[in-house]
Amino acid sequence: MDRNQQENHTPDKKEQEDMTARQDTVWTRNDKCRIALVLICGLLAVWGAARLIPESVTVSNSVDGRELPIYCVQTDQKVVGLSFDAAWGNSDSDRILAILKKHNVHVTYFMTGGWVEAYPEDVKKILAAGHDIGNHSENHKNMSQLSNEENKEELMKVHNKVKELTGYEMDLFRPPYGDYDNDVIKVATDCGYYTCQWSVDSLDWKNYGVDPLIKTVCEHKNLDNGAIILMHNGADYTADALDAILTGLKEQGYSILPLSELIIREDYHLDHTGKQIPNQ
């Protein structure tokens, strides 16, 4: 077939089918190349993002299916955290604040909603003195016996009271009676709280007397780097024993911190005892 014949040639049916098949093959190959290119780009993007995201976002309070609060902190530093639960009266509040000031020590006060409402000026004084304010629930109930919605209300009611009164946003929580379950911890976490227990119970609430109280704290088997000490304002002998307790802790080489400066905020996990451990 010469050139003129090629130009004027009309393809028959078979030729048209062959041409269509060749075009489909070309399109199929092109589509496959495009799809492969998109997949490769996607995989490279995911890989790059994974390399850019730091491992420090890893935070876990779950141990063998159980949600745990922070009982103590793993640290090489000679430090302990001191905390006071405020759910009773305020007769010793000024004395405790004066002793803490004398020793240049700052602590964490966990307050109930009832205490905040009854003693708003004390709340302001505690905050003005440089101490943490923590959430001890609105009504001091056994929170493991409440629904998730009720637990959220217990947390946020006192949270909003403190914020209204002082502008302070609490993020440390201690459940009343140390009573918790998985749901209590999860609800607190969802509300933006770190749940903190204690590893050293002063037993000041048992009112054994000044000397037993000093001995219980300063000779406690769990007194170690990163320990969290539990005391109460409103107990009979706490203010009387506090000066000697602070002196005894310092003589053992401990610096005393509020829990906000003791706990790890990110990149940590807990062991089965509730010890907070930094991730490697």
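User: How much space lies in the largest cavity?
Analyst: In this predicted model, about 50 Å³ of space lies in the largest cavity, and a search of the whole structure finds one cavity of 30 Å³ or more.

User: Which residues line the largest cavity?
Analyst: The lining is made up of Ser-202, Leu-203, Asp-204, Asn-207, Tyr-208, Gly-209, Pro-212, Leu-213, Thr-216 and Tyr-237, and these divide into five nonpolar residues, four polar ones and one charged one.

User: Switching to strand S11, are its residues buried or exposed?
Analyst: Strand S11, residues 228–232, has five of its five residues buried, with Ile-228, Leu-230 and His-232 on one side and Ile-229 and Met-231 on the other, so that both faces are covered by the definition of under 20% relative accessible area.

User: And what does S11 pair with?
Analyst: Strand S5, residues 79–86, pairs with S11 in the parallel sense over five bridges, with Phe-84 having Met-231 as its bridge partner, while strand S10, residues 200–201, runs parallel to S11 and is joined to it by two bridges, Asp-201 being partnered there with Leu-230.

User: OK, now helix H5: which of its residues are buried?
Analyst: Within H5, residues 120–128, the buried residues are Asp-122, Val-123 and Ile-126, and because they cover an arc of only 105 degrees around the axis, they sit on the same side of H5.

User: What do those buried residues pack against?
Analyst: The buried residues of H5 pack against helices H3, H4 and H6 and strands S6 and S7, whereas the face turned away from the buried side carries the exposed residues Glu-121 and Ala-128.

User: What follows H5?
Analyst: H5 is followed by Gly-130, which has a positive phi near 95 degrees.

Terms used. Residues numbered from 1 in each chain as written. Predicted model: local features only at pLDDT ≥ 70, side-chain atom pairs only at ≥ 80, totals over all residues. Heavy atoms only, no water. Buried < 20%, exposed > 50% of the residue type's maximum accessible area, 1.4 Å probe, protein only. Helix = DSSP H or I, 4+ residues; strand = E, 2+ residues; numbered from the N terminus. Arc of directions from axis to C-beta. Contact = heavy atoms within 4.5 Å. 1 Å grid on protein atoms, 1.4 Å probe; cavity = no way out; pocket = protein on both sides within 12 Å on 5 of 7 lines; lining within 4 Å. Points joined across faces, edges and corners; volume = space filled by probe spheres on them. Nonpolar A, V, L, I, M, F, W, Y, C, P; charged D, E, K, R; others polar. Pairing = 2+ DSSP bridges.
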